[in-house]
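Please consult the sequence and the coordinates alongside the text.

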Amino acid sequence: MSDITEPPIARVDVVRETLHGITLEDPYRWMETEGEEFHHWLDGQARHAREHLDALPHRAGLLTRMRELGSALTRYFGLAMAADKVFALVREPDARVPVLTVTEADGASRVLFDPGAVPGDGHHAIDWYVPSPDGRHVACAVSDSGSEDSSIHVIDADSGALRETIPPTTRFAFLSWLEDSRSFVYHRYVEQHRLDSRSFLHQLGADPAQDTVVLARGLNPHVELTPRDRPFLVVPPHGEWMLAIVSHGALSPWPWTSEQLSDCTIYVAPRAGLADPATCPWRKVAGAADGVTTFATSHDTLYLVSHRDAPRSRVLAVPLAVPDLSRAQVVVPAGERAVESVRVVGDRLLVRDLDGGVSRVRHVPLSGGEPADLPMPVDGAILEWTTHPTRPEVLLLVAGWTDAPRLYRYDGQSLQDTGLAPRSPVDYGDVHVRTLHVPARDGTPIPLTVIHHKDLELDGDNPAVLTGYGSHGFIDLPEFRPEMLAWYERGGVYAVAHLRGGGAYGREWHEAGRGERKQATITDFIDCAEHLIALGYTRPGRLAAEGASSGGIPTGGALVRRPDLWAAMAMHVPTVNATRNEFTESGPINVPEFGSVTTEEGLRALLIIDAYLRVRDGVPYPAVLLTAGLRDARVPPWQPAKLAARLQAATASSQPVLMRVEEHGWHGAGSTRDQEQALLADVLAFILHASDGRSGPACDAQLPSRPPGGRAGDPGSAPHGYPQRTPEQGQVSDTDLDHGPDIAGPPFS
C-alpha cells in the first residue's frame, strides 16, 4: 500500500465556548458550514479511502462471493393489501433498487412502478407507498439517491401510468386515503426545513400548491403545537373518526410504520371536521407522559399500547366518542413480554409481543376475554405486518438470523404460508445462532446474539464484529443477509448487542439508556466485547466493532474509552459530535432522546456520548473506518468528518483512519444493491486486514485494560476538544464526564 496517497490534513481553528461553567474546545467547527474548503478536504479523504480500501487483499474475494450469494435471493418487504390486490416492494437478484409490484386475485404478479425509470442524476428509490382503499391508485414516495426528500407519485394500479406528482419535501408514511379513494391527507415540510411542518389534504387532479392545510401550528386552538412538533393526520379505513398524532421528538428509524412512537400527543375528532380544519373539534386523548407507542382502531374504539405504569406496556381501550384515558379499559395487562403493537382483524385484536427477542402473537376477542397465543411457524421475528382495510386478513413477514423471510397470511384462525416469498437457496445449515446474557458491570443481563459457523473453535483467535444501536427504543430484529455467509465461511463471528437504550425489553430498557443514563449504552457495549473475549470467541487484536447512525454512540464511546479492545472500528453515518447535534436539521427532534446544551443537565448527558470531544492526543487508536453520505438528511457529513480529522491528528498508532464518502447516498435505506454489497465488502475487508496477524489494536502500544468491575486507568492529559471547567469552577473529573448520575440499579427480570 506504499503507493496510496496521503489523506489531506485538516486546518485547525479552535473554537472555545463556555456552557454552564464547562469550556469546550472544538478544533474543526469550521467544517459545519460545509463550504468549499470542507468539500475539497472531503474529496481528498474520499480518494485516499477508496485507494486504501481497493488495495485491501481480502476485498476482491469478499465482493465476488457476496455478489454470488446476493444474486440468489429475491427479497419481499413493504407489504400492503387493498381490494383483491397484494402490493409489495421486491428486489430481484439482478435489480439495483426494489420495484413496486402488485399481485392480483388470480395470483398473477407484475411490476407496477420501477423507480429506476425516473430520470435524473444518481438513482431513485421508493421510500414508502400507500394504496387507496379500492386498490385503484397508489401514492408512492420517491427520493433521489436515497435523500429522503420524497416526492409523491400517484400511480394508476391498473395501467401503471403516472397520474400526478407532488414535489419533494414529503417525509414519513403518515398518508391516509379517504374513502372516496380520490383524495388523501399527508405530511410535508415547508421550504426544505424541519420546523413548522404541516399536514395537507390533496384531491387527485388538483394543484399541490393549493392543497388545504388541515393540521398546523396556530390553525386550530384545540391542537397545541410548537415549531419543532410534527402533526400527522391518520384517517382509519373504517368508522367516522380520525386521529391527530403530534410528534414531539424523533420517531422510529423506519418511515414505514406508526409503531414505536415516542413523545407523542394523540387527539381524536369526527372525520366531518376535515370540512373546516380551523374549527375541527379535536379532543386530546393522551399526552407524551402517557407513553403511547402505537394504536389501532375499530369502528368505535381506540386501542392504545402504553408503557405508563407498565414498563413492558399494556393494551388499553377507550371509546372514540368519549376518549377519556383515565377510564380506559385494560384489554391486555402488563406481563413478562414486551407488547410491541396491535391490529384489529375482524372481531379480534391481534397483539404482537417480544419475548426475549422472539416475536409472539396473541389474539383477543373484541367482545372481551383472555388473550390466547397464536402458534407461530418459526421462532423468529415479525419484520412487518399489514392488515386488509376491509377484510379480516393479515400478512406477516417472518424471518430469523439464518432464515430468509417467509410471508404468511392470517385469516382469523391460523397462519398459512402464502408462498409469495421464495425460499433462499443460500445454505445456512452450518451457521449457528446463540443468545447469551452478558452480566453488565451493574449486574444487569444484556442479551447478546452471536452468529458463527458451527465448527468454530473458541480459541480466542477468530475475527469478530460486535454491533449495537441502543437508542430510541429501537429493537434489533433478526436480519437475514445471505452475503454475510462470506464472513462466516472465513471463520468470522458476528455479534449483536441488544443494548439499554434500545427496546429489547420495552420502555424500561429504553429509559435505562436514555439521556443522563446513556452511559449504560456504552458500558453495555464494552461489557459485551469483554464477554466475547472471556469466552474465547476472539481477542482484542481480532475484535472489531460496527455501528450506524445512533449506533455511533456505543461504538464511538467504546473507541475513546477502551481503544485497547479493538483491532478496528467501523462507524457508518454516525452521530459522534453530540453537543453539536441539535444545531443540525434533524437535531431538535432528538433533544428528548439525548438532551440539549441549553441546560446543564442536558449538556452533561450529551458529553457522555460525544466521542469527538473525548479524542486524546498521543493515544494509539485502532484502525477506524468512518462513512458519510453526501445526501444524508439525518446525520450531516461533517459529523463523521470532524471525528476523522481529530483521530488522524491525535492517534499515536500507525493504523489508518479512513473517511469513506458515498456521493449518491444518504443514511442507508434507498441504496442500490451494488452500494450495499460494496460497503459490506469494504467493511469486512478493512476489519480482516486490521486483525490479520495482530496482537493488539495499535501494534505500537497497549493501554491498560479495565479490571473486572472497574474502569480504565487515566489515559493522559486533555488535548483540544476535551471539556474542562474554567479555573473559577474547578476541574471536571473523569467520573463526572464518564458516568454522570449513578446508573446502577436492580437487574431487569
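A cavity is a set of points, on a 1 Å grid over the protein atoms alone, where a 1.4 Å probe fits but cannot get out; lining residues have an atom within 4 Å of a point. Grid points are joined across faces, edges and corners, and a volume is the space filled by probe spheres set on the points.

The model is predicted: local features need pLDDT of at least 70, side-chain atom pairs count only at pLDDT 80 or more, and totals for chains, interfaces and linings use all residues. Residues are numbered from 1 along each chain as its sequence is written, and side-chain values use heavy atoms, leaving out hydrogens and water.

The structure holds 8 cavities of 30 Å³ or more. Volumes of two of them are tabulated below.

| Cavity | Volume |
|---|---|
| Largest cavity | about 270 Å³ |
| Second largest cavity | about 60 Å³ |

Around the largest cavity there are 19 lining residues, and Gln 260, Thr 293, Gly 473, Gly 506 and Arg 507 lie nearest its centre. Strand E23 (338-345) and helix H4 (507-511) each give two or more residues to this lining; helices (H or I, at least four residues) and strands (E, at least two) are DSSP runs, numbered from the N terminus. E23 gives the most, with 3 residues.

The lining of the second largest cavity includes Gly 70, Leu 73, Arg 75, Glu 483 and Arg 673. Helix H10 (residues 673-691) supplies the largest share of that lining, 3 residues.

Methods:
On a 1 Å grid over the protein atoms alone, a cavity is a set of points where a 1.4 Å probe fits but cannot get out, and a pocket is an open set with protein on both sides within 12 Å along at least five of seven lines; lining residues have an atom within 4 Å of a point.
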